[in-house]
Amino acid sequence: ALARLNAVKQCLAVLDGDAPPVQRAAAIQALVRIPEAEVVTGISERLAKETVPERRAELITALCRLYFIEGAWKG
């Protein structure tokens with residue numbers, strides 16, 4: 001639902017705060033479904049500032065998912 005609403009700013013705000021891991025995961029899931037330059041830039045900026053290894057891994061994973069485009073499912 002967040003991806004359909006194009007809630008980029010709201011999801012990035014969740015990553016800026018001390019949100020619970022479940023909320024961070026939901027925000028990241030929504031962001032990886034919005035392949036726009038604003039999302040990539042926002043995640044990259046947060047990755048440069050992040051020092052917690054687990055959070056860095058989440059951000060790197062999100063950038064990887066945005067880089068690769070999934071193909072059509074062929075059953």
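A residue is called buried when its relative accessible area is under 20%, exposed when it is over 50%, and partly exposed in between (1.4 Å probe, protein chains only). The model is predicted, with local features needing pLDDT of at least 70 and side-chain atom pairs counting only at pLDDT 80 or more, while totals for chains, interfaces and linings use all residues. Residues are numbered from 1 along each chain as its sequence is written, and side-chain values use heavy atoms, with hydrogens and water left out.

In helix α1 (residues 8-16), the buried residues are Val 8, Cys 11, Leu 12 and Leu 15. Because they cover an arc of only 100° around the axis, they lie on the same side of α1; the arc is that of the directions from the helix axis to the C-beta atoms. Lys 9, Gln 10 and Asp 16 are exposed on the other side of α1. The buried residues of α1 pack against α2 (21-31), α3 and α4, where contact means heavy atoms within 4.5 Å.

## The α3 and α4 pair

Helix α3 (residues 37-49) packs with helix α4 (residues 53-67) at an angle of about 155°, their axes being 10 Å apart. The two are therefore roughly antiparallel to each other, a term used for angles over 145 degrees.

Val 39, Val 40, Ile 43, Ser 44, Arg 46 and Leu 47 of α3 meet Arg 56, Leu 59, Ile 60, Ala 62, Leu 63 and Leu 66 of α4.

## Leu 63

Leu 63, in helix α4, touches Val 40, Ile 43, Ser 44 and Leu 47, residues up to four places away in sequence not being counted. Leu 63 and Ser 44 are separated by 19 residues in sequence and by 7.8 Å in space, C-alpha to C-alpha.

Conventions:
Axes fitted to C-alpha atoms, helices over the stretch in contact; angles between N-to-C directions. Helix = DSSP H or I, 4+ residues; strand = E, 2+ residues; numbered from the N terminus. Parallel < 35°, antiparallel > 145°, perpendicular 65-115°, else oblique.
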